[in-house]
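Biologist: I would like a close look at one part of the chain, with the cut-offs stated. Please put it in the context of the rest.

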Amino acid sequence: MRVVSHLIRGLDRTGIVVALLFLAASLTPSLIPREAVLQGVLSGVSLALGYATGVAGHWIWNYLELPAPGRRAGQIVFALMAGVTVTIAVSSLWAWAFWQNSLRELMSMAPLDGIRWLFGTTAALAVFIVLLLLARLFQIVRRAMLSPLERFVPRRISAAAATVMAIWLFWLVAHGSVFSWFLRTADESYAALDRIAGVEIVRPSDGYETGSEESLVDWEKIGRTGRQYLAGGPTRGELLSFGLVNAREPIRVYVGLRSADTIEERAALALRELIRVGAFDRSVLVVAVPTGTGWLDPSAVDSLEYLHAGDVATVAMQYSYLASWMSLFFEPGYGIDSARALFHAVYQYWASLPVDDRPRLYQFGLSLGALSAERATSLYEVLEDPHDGAVLVGPPFASTTWRAVTNERVDGSPPWLPRFGDGSIVRFMAQENAPSDLVRGWGPLRVVYLQYASDPIVFFEPTMFFVKPGWMAPPRGPDVSPALRWYPVITALQVGIDTMLATEVPRGFGHNYAASNYLEAWIAVTEPEGWNSEALTALRQLLRRREAPQN
C-alpha cells in the first residue's frame with residue numbers, strides 16, 4: 001500500500017486528466033460484447049496510455065517554453081478540467097453496462113449483471129498500477145544509463161541516447177523472453193491438446209475412409225480437429241433419409257500436422273489419399289484451408305454435402321496448432337505456404353485429367369484459412385485452365401486480394417458489403433443476401449466472400465489507431481452498434497481485443513458464421529440442381545440443428 005500511495009502522490013496532473021478521458025473512451029462499445037474483467041484490462045491499458053500521453057504533452061509544453069498559468073491559476077484550471085473529466089469518466093462507467101447490454105441484445109445474448117463493473121474497475125486499477133511500475137522501472141534504467149553518458153556527451157544527446165538504449169533493452173527483454181515464452185507456451189499447449197483430445201472418437205472402419213486401417217494417413221497422427229472433421233458430416237443414410245434419392249457417401253480427406261515432416265510431404269500424402277478414395281470421380285472437389293488450429297466448421301462442409309447429395313470430396317491440411325488470431329498476428333506466412341502446396345498438388349493432377357471427366361474444383365477458407373486460400377494461387381497460374389471458384393469466409397484484414405477488391409468497390413457500396421465491378425467474378429455476402437441475387441451474370445470463375453459487419457477479424461485495421469475506418473461511416477451493418485464511435489488509439493485497442501472474442505457470440509454474428517449463410521454462398525458458387533424454396537427451407541432448419549460451436 002505504501003508503494004501505491006507513493007505512486008499516486010507522484011502522478012502528473014495533466015496525465016491524470018488525459019488518462020480519465022482515455023478511460024471513458026475505452027468503456028464505449030465496439031464490435032463484440034466484453035466481459036467485465038477483460039474490459040478492466042482494456043481500461044487499465046487505456047489509463048496508462050492516456051497518462052503517458054498527458055505526461056508527454058506536458059513535457060513538450062515545458063520543453064518549448066510555452067507560457068504556463070501561475071500556481072493558483074493552474075490549480076483552478078486543473079480543478080475545472082479534473083471535474084469535467086471525472087464527470088465524463090463516471091458517466092461512462094455508469095453507462096458501460098447499458099452499452100454492453102444493448103450490443104448483447106442486438107446479438108441475442110443474455111444481459112450482464114449490474115454489479116460486474118466492480119470487477120472491471122478492480123482489474124483496470126491493477127493493470128494501471130503494474131504498467132505505472134514498469135514505467136518507473138524504465139525511468140530508473142534510463143537514469144542509470146544517462147549518468148555515465150553525461151560525463152562525455154552533451155546533455156541533450158546523452159538524454160536521447162539513454163532513452164533509445166533503455167527502449168532497446170526493454171524490447172529485448174520483452175521480445176526475447178516474455179513474447180517468446182508466450183508463443184512457446186501457447187504452441188505447446190495447443191499441440192498437447194491436439195494430441196490427446198478427440199482420442200475417444202472411433203477410428204473409421206470403412207477402408208475407403210481417411211484414417212482407416214487401409215488409409216495412407218495414420219489415424220493417430222491426424223490430430224483432434226482432423227478426427228472431429230472426419231468423424232462428422234452427414235452419412236449416405238442421413239442424406240437418403242432427407243429425401244436425396246441418389247445420395248452418395250461424402251468423401252473427406254484430412255492430413256494432420258504430424259502426418260508427415262514437411263509441407264510438401266503432407267501435400268503429396270493428401271493427393272495420394274484423394275486418388276485412393278476416388279475423390280476425382282466426384283462432381284465437386286473442394287480444397288479447404290482450415291483455421292489456425294486446423295478446425296473446419298462442420299456447417300460449411302455439411303451444407304455443401306447436402307446440396308450435392310454427397311457427391312462431394314473435400315481435402316484439408318493442418319498447418320498450425322494456434323488459434324486463428326494468434327496465427328494471424330504471429331505466423332500468417334506458414335498457413336500460406338501450406339495452402340499453396342496443397343492446392344498446387346491437387347490442381348496439377350486435376351488439370352491433367354480430361355476436361356469432361358473431372359470434378360468441378362473449388363477452394364474454401366475460413367478465417368486465416370481464407371487469407372491462405374486466396375494466396376494459394378494467382379490468376380496467371382491457372383489462367384490457361386482455371387478452377388471453378390471459391391468461398392472465402394471471414395477473410396482477415398491482412399488478406400491482400402480481399403483488401404484490393406474492397407478498396408476498388410463500386411461507389412456507394414459500403415465496405416462491409418461491397419460491390420465489385422459487374423459482379424461476374426467476385427461478390428460479397430452478409431447475413432441477409434438471397435441466393436437469387438448472386439447467381440445472375442456469373443463468369444466461369446466465381447468467388448464469394450462471406451463476411452459479417454461485426455467481425456473484428458475482418459475489419460480490424462492497423463491504421464485505425466489514427467484514422468477512422470470507412471466501415472464506421474453510415475450506412476453501418478445491421479449487426480454493428482449505433483453507439484460505436486471512433487477514438488484515436490482506443491478504438492484500435494477495442495477492436496484488437498474483439499479479435500480474441502470474435503467467436504464468443506451466437507451464430508450469425510462476429511466471426512461465428514451461420515449454416516444458412518454457408519448454404520447461400522455454396523448455392524451462389526456451385527449452383528446445385530434440383531432444389532426448390534421449400535426444400536431449401538427444410539435444409540436450413542436441419543443445418544441449424546446440426547450447428548456446432550467454433551473451436
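Biologist: Which residues does L536 touch, not counting residues up to four places away in sequence?

Modeller: This is a predicted model, in which local features need pLDDT of at least 70 and side-chain atom pairs count only at pLDDT 80 or more, while totals for chains, interfaces and linings use all residues. Residues are numbered from 1 along each chain as its sequence is written, and side-chain values use heavy atoms, leaving out hydrogens and water.

L536 touches L307, L519, I523 and W531, with residues up to four places away in sequence left out; contact here means heavy atoms within 4.5 Å. L307 is 229 residues away from L536 along the chain, yet their C-alpha atoms are separated by 8.9 Å. L536 itself is buried, at 13% relative accessible area. The classes are buried (under 20% relative accessible area), exposed (over 50%) and partly exposed (in between), computed with a 1.4 Å probe on protein chains only.

L536 sits in helix α19, residues 533–546. Helices (H or I, at least four residues) and strands (E, at least two) are DSSP runs numbered from the N terminus.

The structure holds 10 salt bridges. One of them joins the side chains of R507 and D297, at 2.8 Å from N to O. R507 is in the loop between α17 (490–501) and α18 (515–526), and D297 is in the loop between β2 and α10 (298–307), 210 residues apart. Both partners are buried. Another salt bridge links R358 to D385, with 2.7 Å between the closest N and O atoms. R358 is in the loop between α12 (332–351) and β4, and D385 is in the loop between α14 (379–382) and β5, so this pair ties together parts 27 residues apart in sequence.

As for the strands, β4 (residues 360–366) has six of its seven residues buried, so the rest of the structure largely encloses this strand. Strand β2 (residues 284–289) pairs with β4 in the parallel sense over six bridges, where pairing requires at least two DSSP bridges between the strands. V286 stands opposite Y362 of β4. β4 also runs parallel to β5 (residues 389–393), joined by five bridges, and G365 has L392 in β5 as its bridge partner.

The largest nonpolar core has 113 residues, V346 and F364 being those with the most contacts inside it. Such a core is a set of buried Ala, Val, Leu, Ile, Met, Phe, Trp, Tyr and Cys residues joined through side-chain atoms within 4.5 Å. Beyond four places in sequence, the residues in contact with V346 include L271, L285, V287 and L361.

Note on methods. Salt bridge = Lys/Arg side-chain N within 4 Å of Asp/Glu carboxyl O.
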